[in-house]
Amino acid sequence: MKKRNIFITALAALVTVSACRKLDVDVESQYVNGNFPSTSQDYAALLGTMYTNLASNYAIAYWRMQELSTDEAIIPARDGNFDDGGQYRQLHYHTWTYDHPNVTGIWQWGFGGINNCNRLINLTVASNVDTTTKAANIAEVRAVRALYYFFMMDTYGNVPLITDFPVATLPATQDRAKIFAFIESELKAIAQQLPSKSTNAATNVLQYGRPTKAMAFALLAKMYLNASVYLGTDRNQDAVAMADSVQNNTNYFLDGRFRDIFLPNNGPQVNETIFAIPYDQQIPGNQFTRFGFYYYLAQAYGFNVGLSIAMSTTPEFYNRFNLKGDVRNNTWLVGPQFYPDGNGGFTNQPVYYPNSTTQIVITPDLILVPPKPMDVGNTIASQAEGVRSIKYYPDPTIIQATRLNGNDVPVFRLADVYLMKAEAILRGATATTVNGVLQTPDYLVNLLRTRAGAPPVAGIDLPGILDERARELSWEGWRRNDLIRFGQFEKEYPLPNDNLSMNKDTRRRLYPIPITEIRLNGNLKQNPGYDQ
């Protein structure tokens, strides 16, 4: 059963907070003396607004910007279907513009979330709850605000720094280094005020989906590992220190079964999850099954819902799943299809196309059919082109009205911390000893290989780390971040009969500031490489 009670009470009282696009308008509060929050329960419900906003786009539009712009995920057209104005191929070929719907939507999502966090801080400061509760609530909001700022800094680079509510003047674009320093100082200031994962299951249920000390440390590790991109400086030893800070809490450890981390009933019982975004039929935002599954397999997996046939991965990316015995290979649907066993695996019973004795076979190649761009056609055979991900295992409770998944989506987990530490050491940091063991890159990677049932590695190098991150963290929203750090974001992986080519301008490592925002706020400065 999903453990979601932290959100249930909050969701009943939430008001959706949208992006504040014109920041110089008068602000009218919905609160008066008669309904101003006064109890801890009131404030728990109030803080829920920042989580519903976070969930609303993290696994959809934000995820697409991080994954469809790489080799890890692709939404090809099917005889014109699923082209949606070319927005997915623009991400694939790095030809997006300053009015791309995801570029605009995620800016508004991120700064809407930041604006709401600023509002919540003001309300909490003015509250009459006890001092301890007030400090804890403010730390929680500041941590979520720091996460939003990380998403904005990583995606757009130079962005406004807004900490006041209401906003008195139109904010100007700030250097990426200043945003980095703000996030770093915020996380350092509040880390010790955040709760720790404990041995008490009930406590962990209440903390689930909310910031903890380990979440702050993991976010700092991610920032330090990418400091060469953000700042042009090496912070790899700091990344190692933050990874060790996560490991100092031994209540985080690898789960025995890789598949359990991503099943529809995942939740606070997953031991390695540091921070996840909860989803279910009442918390919308996860539609991986809707867009990434294969329509003709729906009944075999226990539901009958209309699904897309479009989203898959590229053959080049799937080729990395080549280690013998690696259970992570089973997170993809490819080849002859069999009925699931209900436990993340498969039976020996073939799945046939409806009203036929033809077994469904999914092929890895995406063979384009010109002249339509990035289009594979829409025959029965071409519908089966493209390896499908079932990492977020199809949820049998999915319904036609919403087509939502209940799988919670991890943002940070211990496996990523291990890989970040291994990479930082390979980039020049000194290996450290944790719990009496010297954690070399081989040691850290083999913790994951052993869990996956894959052969151990000896003498792993940086290209090997990138491939291991692909195997372990596929579809978890980090591929764009990884490829930029490794200098491979512009690497082309052409599809058969492709009549388009990738824009290899390295300035595309940043998305543009939406033109609508610049027109509303002349203090915003467009990123280089994008005409206004």
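Where is Pro 166 found?

1. In this predicted model, Pro 166 sits in the loop that runs between strand E1 (159-160) and strand E2 (173-174). The bond joining Phe 165 to Pro 166 is a cis peptide bond, with omega about -5 degrees.

2. A cis peptide bond also runs from Pro 370 to Pro 371, and its omega is near 10 degrees. Pro 371 belongs to the loop between strand E8 (361-362) and helix H13 (380-383).

3. Asp 79 is not a glycine, yet its phi is positive, at about 55 degrees. This residue lies in the loop between helix H2 (40-67) and helix H3 (87-93).

4. On domains: the assignment for the protein chain gives domain 1 as 26-56 + 97-193 + 502-531, domain 2 as 203-279 + 411-460, and domain 3 as 292-389. Taken over C-alpha atoms, the centres of domain 1 and domain 3 are separated by 39 Å.

5. On the record: an unreviewed UniProt entry carries the annotation "domain: RagB/SusD" for residues 383-530. In the model, that span is 34% helix and 7% strand, and the C-alpha atoms at its ends lie 35 Å apart.

6. Helix H14 (residues 414-426) packs with helix H15 (residues 441-452) at an angle of about 150 degrees, the axes being 8 Å apart. Because angles over 145 degrees count as roughly antiparallel, H14 is roughly antiparallel to H15. Their crossing is left-handed. On the H14 side the contact is made by Ala 415, Tyr 418, Leu 419, Lys 421, Ala 422, Ile 425 and Leu 426. H15 contributes Pro 441, Leu 444, Val 445, Leu 447, Leu 448 and Arg 451. By class, the contact of H14 with H15 holds 11 nonpolar, no polar and 2 charged residues.

7. The axis of H14 also comes within 10 Å of that of helix H16 (residues 462-473), and the two cross at roughly 170 degrees. H14 is therefore roughly antiparallel to H16. Here H14 makes contact through Ala 415, Asp 416, Leu 419, Met 420, Ala 422, Glu 423 and Leu 426. The H16 residues are Leu 462, Ile 465, Glu 468, Arg 469, Glu 472 and Leu 473. This contact of H14 with H16 has 8 nonpolar, no polar and 5 charged residues.

Conventions:
Residues are numbered from 1 along each chain as its sequence is written. This is a predicted model: local features need pLDDT of at least 70, side-chain atom pairs count only at pLDDT 80 or more; totals for chains, interfaces and linings use all residues. Side-chain values use heavy atoms; hydrogens and water are left out. Axes are lines fitted to C-alpha atoms, for helices over the stretch in contact, and angles run from 0 to 180 degrees between N-to-C directions. Helices (H or I, at least four residues) and strands (E, at least two) are DSSP runs, numbered from the N terminus. Angles under 35 degrees count as roughly parallel, over 145 as roughly antiparallel, 65 to 115 as roughly perpendicular and the rest as oblique. A crossing is left-handed if the near helix is turned anticlockwise from the far one by less than a right angle, and right-handed if clockwise. Contact means heavy atoms within 4.5 Å. Ala, Val, Leu, Ile, Met, Phe, Trp, Tyr, Cys and Pro count as nonpolar, Asp, Glu, Lys and Arg as charged, and the others, Gly among them, as polar. Domain bounds come from an automatic or database domain assignment. UniProt positions are given in the numbering used here, feature names are shortened, and annotations may be inferred rather than shown by experiment.
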